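Here is a short report on one protein model. Look over the sequence and the fold, then read on.

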Amino acid sequence: KLNDSIEPVVVFKTLSPSGEVVGANLQGIEENWEKWPERGYAKIIARNSDGMNGLHVDIGQPKRLVFAESPIDLMSYYEVNKDNLQDVRLVSMDGLKEATIGRHLAELQAELSGRDLRWSKEELANGLTTAVHTCG
């Protein structure tokens, strides 16, 4: 139920590493330009979503990251490239968010090095800036 009316949507849940739902993205499946003049379809980030996480899917043991703006874009990328994808984490940013890139970059680096990641939310949000300054 959105804005006091029923809206048919697909819900893309975002899960924490422990499997807890920490956010969701709702994608409308019925075109309605009157109701959704910007895109024609509902496209909503659920309230209380963790703004730095983003839906992600691992294929194999990730050694690299591929980012997409939305879950639908992520699904499209997967469909076009599925035969060539291995050892990759596909990440939806729910928009263009440096914090999501930073978080996943820091998490993947920790996984690859076999260390626990004990960064604060602020440090995770700045992970991209940290990587750029560290790697030059």
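How exposed is Glu 111? Glu 111 counts as partly exposed, at 46% relative accessibility. Here buried means under 20% relative accessible area, exposed means over 50%, and partly exposed lies in between (1.4 Å probe, protein chains only).

## Basis of the model

This is a predicted model: local features need pLDDT of at least 70, side-chain atom pairs count only at pLDDT 80 or more, and totals for chains, interfaces and linings use all residues. Residues are numbered from 1 along each chain as its sequence is written, and side-chain values use heavy atoms, with hydrogens and water left out.

## Overall fold

The protein has four helices and six strands. Helices (H or I, at least four residues) and strands (E, at least two) are DSSP runs, numbered from the N terminus. Along the sequence the pattern reads β-β-β-β-β-α-β-α-α-α. Of the 136 residues, 35% are buried.

## The three-stranded sheet

An open sheet has the order E1-E2-E3, with antiparallel pairing. Strand E1 (9-15) and strand E3 (43-45) are its edges, each pairing on one side only. Two strands pair if DSSP finds at least two bridges between them. E1 and strand E2 (residues 21-28) share seven bridges. Lys 13 has Ala 24 in E2 as its bridge partner.

## Nonpolar core

The largest nonpolar core has nine residues, among them Phe 12, Ile 59, Val 88 and Leu 90. Strands E5 (64-68) and E6 (88-92) each supply at least two residues of this core. A nonpolar core is a set of buried Ala, Val, Leu, Ile, Met, Phe, Trp, Tyr and Cys residues joined through side-chain atoms within 4.5 Å.

Not counting residues up to four places away in sequence, Ile 59 touches Tyr 78, Leu 85, Gln 86, Asp 87, Val 88 and Leu 90. Contact means heavy atoms within 4.5 Å.

## Salt bridges

The whole structure holds six salt bridges. Each is a side-chain nitrogen of Lys or Arg within 4 Å of a carboxyl oxygen of Asp or Glu. Lys 35 bridges to Glu 7, with the closest N and O atoms 2.8 Å apart. Lys 35 lies in the loop between E2 and E3 and Glu 7 in the segment before E1, so the pair ties together parts 28 residues apart in sequence. Glu 7 is buried, at 10% relative accessible area.

Arg 89 bridges to Glu 111, with the closest N and O atoms 2.9 Å apart. Arg 89 lies in strand E6 and Glu 111 in helix H2 (residues 98-113), so parts 22 residues apart in sequence are tied together. Arg 89 is buried, with a relative accessible area of 3%. Salt bridges that share partners join Asp 58, Arg 89 and Glu 111 into one network.
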